Amino acid sequence: MQDTPQTLSITRPDDWHLHLRDGDALASTVPWSAAQFARAIVMPNLKPPVVDTAQALAYRERVLAARPAGADFQPLMTLYLTDRTPPQEIARARASGAVFAVKLYPAGATTNSDSGVTDLRRVHGVLEAMQREGMPLLVHGEVTDPEVDVFDREAVFIERHLQALRREFPALKIVLEHITTSDAVDFVLAHDARDARGAPLLAATITAHHLLHSRNAMFRGGLRPHYYCLPVLKRDSHRVRLMQAAGSGDPRFFLGTDSAPHARGAKEADCGCAGCFSALHAVELYAQAFEQAGCLPRLEAFASHFGADFYGLPRNAGRLQLRRQDWTVPDSIEYLDTCIVPVDAGATLHWRVASATRA
Ligand code: NCD
Ligand code: ZN
């Protein structure tokens, strides 16, 4: 096509939902994200989880130490909310200047969520403190009730818990993380309240794999564990709705990869781990999704503006250049003494990151 752009230059993006793991894994994970993103909200679901400011600061140092020479990547730390988090921890977290949010995992909802919240009533004091301090609550929005169908757990969470939470804490900043359903899109669209800076009080992150794939991807010709993540991929009509939201230019929807590295053997197992790895080619995957949906011009705001605006942080000064160039996602990449199979391994992507500049 004559009019197809061959290059794309966007404000340097940020990843508002990322799993980097810890220890020796950081040497693999940090460089991948640092190559594409200027900043990332780093999830606290380590073993044991990051539950207080001192642990978050120590984890931050380990992430910084794993940056490749010359990289300016900034990890934005989070705390893992538990039934026992003291409300006073929020002021400490805020004062540190390094903790940017608190993550709510319903106990048992996903990978390393055993220490999560068992009942929202137990954390009311903390939520009050967060509302006061302007500290965002990042929500893994799935019920853990084994009676509820796995594919309905997000919709049921919204109905059973999120509606009430929104009402009880009307000024709390909330991000519904990695949304997967039209129910979540509707919930976000129904709430247009803003904070004092004019930024949304309720927003949602969307992963690249949920924009590109429906649950069919998990069963194409057999069982495909590398497409298994939580919340699980849904039917295609939900994917279409997510893509509409992401490509709509609405500042309440922004980029969060939920890139979640698991060694190949931990996924190709009789009880495989949940999590898709996309840090290697995150921006390329989003570009593919936005182009397919005919909204490539809206990629920049979704990837590089709206998240920063929500968190009250400056947009990045640097730029990221992409080039139109077909390339094949590698079948696997090295990770610790084993490997990871990335999302869409073996597939052809049409955009490739060419360079990143700082300012
Ligand atoms: C994440 C992980 O592996 O840490 N897994 C996933 O399927 N997304 C945890 C999470 O974000 O739910
Ligand atoms: Zn996650």
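Is Arg92 buried, partly exposed or exposed, and what is its relative accessible area? Arg92 is partly exposed, at 45%. Buried means under 20% relative accessible area, exposed over 50%, and partly exposed in between (1.4 Å probe, protein chains only).

This is a predicted model, where local features need pLDDT of at least 70, side-chain atom pairs count only at pLDDT 80 or more, and totals for chains, interfaces and linings use all residues. Residues are numbered from 1 along each chain as its sequence is written, chains are lettered from A and ligands numbered from 1 in the order written, and side-chain values use heavy atoms, leaving out hydrogens and water.

**View 1. A salt bridge joins Arg92 and Glu89.** Their side chains meet at 2.7 Å, N to O. A salt bridge is a side-chain nitrogen of Lys or Arg within 4 Å of a carboxyl oxygen of Asp or Glu. The two residues are three apart in helix α3 (residues 88–96), so about one helical turn separates them. Helices (H or I, at least four residues) and strands (E, at least two) are DSSP runs, numbered from the N terminus. Glu89 is buried, at 5% relative accessibility.

**View 2. Arg62 forms a salt bridge with Asp22.** The closest N and O atoms are 2.8 Å apart. Arg62 lies in helix α2 and Asp22 in the loop between β2 and α1, so the pair ties together parts 40 residues apart in sequence. Arg62 is partly exposed, at 35%. Asp22 is partly exposed too, at 28%. The structure holds 20 salt bridges.

**View 3. Trp32 and Phe277 form an edge-to-face pair.** Rings of Phe, Tyr and Trp (its six-membered ring) pair if their centres lie within 6.5 Å; planes under 30 degrees apart count as stacked, over 60 as edge-to-face and the rest as tilted. By this rule there are eight aromatic pairs. In this one, the centres are 4.9 Å apart and the planes stand at 65 degrees. Trp32 lies in helix α1 (residues 26–36), and Phe277 in the loop between α9 (264–267) and α10 (282–292). Both residues are buried.

**View 4. Three residues hold the zinc ion (ligand 2).** Donors are N, O and S atoms within 2.8 Å of the metal (3.2 Å for Na, K and Ca); water is not among the atoms, so sites may look incomplete. In sequence the donor residues are spaced H-x1-H-x238-D. His17 and His19 are buried.
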